[in-house]
Amino acid sequence: DVFNCKDVPSGIQSANVTLNGDVGSVRIINDDSGTDSSDLSVTIADSADVGELVFTGDASVSVNGIVDAITGTMIGPITIGDGAYVGIGDGFFLGDGSELVNGGSIGVSDANGLKAALVAGGVIEVNDDIETSEVKPFYITSDTTINGNGHSVTSTSTEQSSRVFSITGANSDYVIPSDSIVTINDLEVVGPTVVNYTRGITVHDTVGLVLNINGGSVSAGAYAINIGGGNSGLTLNVSGTTVSGWCAFQTHSMVTEANFTDCVLIGTNIQENPASNGFSTIVINDEAVNASEASGDLLFDGCTIVANMTTKATQMAIDIRSMKNSTITLRGSEIDMSETTAPMICMAATNSIIIDGVLDVEGTATIFSENPEDGGTVTGGTISLDENDILILNNGTSYVGKITGPDRTIMDLNLVAGEGGVKISVGSFIIDGAGSGT
């Protein structure tokens, strides 16, 4: 036990305590003498391993070794040094005026611990599955690396717009600084399963943010990865991750650079409302622009993109709604349309799809341009069709590239579909419809 004893007859005004060895537990005790944390400092040396650090009073604590769990209500600063580790135990709270500074790593096992750790940022180790029913999300407000270690963070809230993680530059209480880097590794991010605008990870109004998601999964009933409005210079890197929802990924922000590598993106429309037709696994919304003078490419490299319909409400794979020359590159990827009757790709105005390598298509794949007079363009690479697969280009859609069948015969195309569209199937390479080109 370490006491605050400022007003004892000995006249001691402050005390410094350093622990160099292993200790089962350390308890900071407040004797109600009116002291504050500056009167008592406790240092856990790099040679020390403390089983439990219990706060019932005020102190300034520096951890350079290991603390398996901190509990109680902390008053005063606690600083975690380089290479040090602190686990947050049950019933731990940050009191008024307290500060948690993380230069090492923090271990968390429940929602309360994760909230406290995110205040500090830095490296966070998730040591158990975490669940919350609160509508308030987990806010990320600084450079942060979350190592999920195969565990999950789940929101079971049924309230509208509930989400698991939120990164924002607009909420005065939870602003993330410009040019921050957030990395989420090997974590199952499980958003609410209801479809009322719920999200797994949402990002709004940030400047220069880099968001990296490696392994694990991100899901939600509505939007799994939601890049909202107001972001500037955002870079999203997703690798080896399964992303699923009504919409797996969408952006509302100008010049969004998104790179998906070896991912599975699944969009499933479970809505009964026919007005829910026309949504997609991947959506670039009207406000999102790929400006030629800025980095804004959306790349899907080695990915599988799936569109599923479970009701009469349709589900597309890719929907480019932007009117300002947005571009998606599909490199060595697959689009599975076998469980939907909707178009594979819908493009407004002069948007384009670039195929790099082979795009394997399953089912009936329609590439649809909303404005035939100013249609979208598909260029480069090869579209692979099996015996029962069909590629349809609607009126005004341009395709410049190759088509290959199961016998590896290749056909070069350079055409613009005319009224009624063009249907392409393999076997004998049947082209049916009106168009111009070669």
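This note goes through the strands, the cysteines and the aromatic rings of a predicted model.

1. Basis of the values. The model is predicted, so that local features need pLDDT of at least 70 and side-chain atom pairs count only at pLDDT 80 or more, while totals for chains, interfaces and linings use all residues. Residues are numbered from 1 along each chain as its sequence is written, and side-chain values use heavy atoms, with hydrogens and water left out.

2. Five strands form an open sheet with parallel pairing, in the order 2-4-6-8-10; strands are DSSP runs (E, at least two residues) numbered from the N terminus, and two of them pair if DSSP finds at least two bridges between them. Strand 2 (15–19) and strand 10 (99–102) are the edge strands, each pairing on one side only. Within this sheet, strand 4 (residues 40–44) and strand 6 (residues 60–63) run parallel and are joined by four bridges, and Thr43 stands opposite Ser62 in strand 6.

3. Further parallel pairings. Strand 7 (residues 66–74) is joined to strand 9 (residues 85–94) by six bridges, the two running parallel, and here Met74 stands opposite Leu94 in strand 9. Strand 9 is also joined to strand 11 (residues 105–108), again in parallel, by three bridges, with Val86 standing opposite Ile106 in strand 11.

4. Cysteines. A search of the whole structure finds zero disulfides, a disulfide being a pair of cysteine sulfur atoms within 2.5 Å. Cys247 is buried, at a relative accessible area of 0%, and Cys346 is buried at 5%; buried means under 20% relative accessible area, exposed over 50%, and partly exposed in between (1.4 Å probe, protein chains only).

5. A tilted aromatic pair. The structure holds seven aromatic pairs, where rings of Phe, Tyr and Trp (its six-membered ring) pair if their centres lie within 6.5 Å, and planes under 30 degrees apart count as stacked, over 60 as edge-to-face and the rest as tilted. One of them is the tilted pair of Tyr197 and Tyr223, at 6.5 Å centre to centre and 50° between the planes. Tyr197 lies in the loop between strand 19 (188–190) and strand 20 (199–204) and Tyr223 in strand 23 (residues 223–227), so the pair ties together parts that are 26 residues apart in sequence. Tyr197 is partly exposed at 45% relative accessibility, whereas Tyr223 is buried at 9%.

6. An edge-to-face pair. Phe249 and Phe260 form an edge-to-face pair, at 5.2 Å centre to centre and 65° between the planes. Phe249 is buried at 0% relative accessibility, and Phe260 is likewise buried at 0%.
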